[in-house]
Amino acid sequence: MNDGDPVTLSSYPHPIVAREGWPFLGISALAACVATWWVGWWSGPFWIAELFVLQFFRDPPRQVPEEMDSVLAPADGRVVAVEPARDPYLERDATKVSIFMNVFNVHSNRSPVDGQIKKRWYNRGRFLNAALDKASLENERNALWLRTPEGEDVTCVQVAGLVARRIICYVGEGDQLIRGQRFGFIRFGSRVDVYIPTGATLRAALGDKVYATTTVIATLPRHA
């Protein structure tokens, strides 16, 4: 897991290809060019691999919804769990929304709420299929405890999958995040769990296809 300088986060321009993929894109492009030079049209599989790398590391900009009390999807993918759960990090009852990312989804991870990171946990673990429920507690994972300006607590957990063995998180305790702000990346298939206060109104359902930042998965309780 890599740590970077969080000061640069707000100025990150969200290029079409995520910076985490630049080395892979360069290596696959070089291999494809060399193959073309040596074997001509037989280099086709190398260019297909190059296109796969390009689509996997795409990182399009996203429009942030105007609803300030909304909890946004932190990742692209399909909702594989919406259920009451025990938040293992804050030791509280919560509602867990789990989003599974396959290799064709955008793998950039973005903050679900405005808030300060109160604590961060990293746990080494196994590499089970991220679609399985037990992956939330047994796989390699990185968790962020976010506290909103209204005092609501949201826990966002990056979970490595069967193929994904590289969780990247660029933020740490004390950093401030805004909704939709990019904070990390998981390579090659994975999952993100969000533990939401029980008083929140759920807007995501099992099986929903969601998109990081643009999809609202819940609404936090309103404060007078």
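Predicted model: local features only at pLDDT ≥ 70, side-chain atom pairs only at ≥ 80, totals over all residues.

Trainee: What makes β7 a strand?
Mentor: Strands are DSSP runs of E with at least two residues, numbered from the N terminus. β7 covers 153-160.

Trainee: How do you know that β6 and β7 pair?
Mentor: Two strands pair if DSSP finds at least two bridges between them. β6 and β7 have 7 bridges, in the antiparallel sense, so they meet the definition. They form a hairpin with 5 residues between them. Glycine 151, in the turn, has a positive phi of about 90°.

Trainee: What pairs with β7 besides that?
Mentor: β11 does, antiparallel over 6 bridges. There, serine 190 is the bridge partner of alanine 160.

Trainee: Why are β9 and β13 said to stand at the edges?
Mentor: The open sheet has 8 strands in the order β9-β5-β6-β7-β11-β3-β2-β13. β9 and β13 each have a single partner strand, so one side of each lacks a neighbour in the sheet. β13 is joined to β2 by 2 bridges, with arginine 78 opposite lysine 209.

Trainee: Why is β7 called largely enclosed?
Mentor: Buried means under 20% relative accessible area (exposed is over 50%, partly exposed in between; 1.4 Å probe, protein chains only). In β7, 8 of the 8 residues are buried, so the rest of the structure largely encloses the strand. Asp153, Thr155, Val157 and Val159 point one way, and Val154, Cys156, Gln158 and Ala160 the other.

Trainee: Why is tyrosine 89 called buried?
Mentor: Its relative accessible area is 15%, so it counts as buried. Tryptophan 121 has 18% and counts as buried too.

Trainee: What makes the aromatic pair of tyrosine 89 and tryptophan 121 tilted?
Mentor: Rings of Phe, Tyr and Trp (its six-membered ring) pair if their centres lie within 6.5 Å; planes under 30 degrees apart are stacked, over 60 edge-to-face, the rest tilted. This pair has 5.2 Å centre to centre and 45° between the planes. The angle falls in the rest, so the pair is tilted. The two residues are 32 residues apart in the chain.

How values were computed. Residues numbered from 1 in each chain as written. Heavy atoms only, no water. Helix = DSSP H or I, 4+ residues; strand = E, 2+ residues; numbered from the N terminus.
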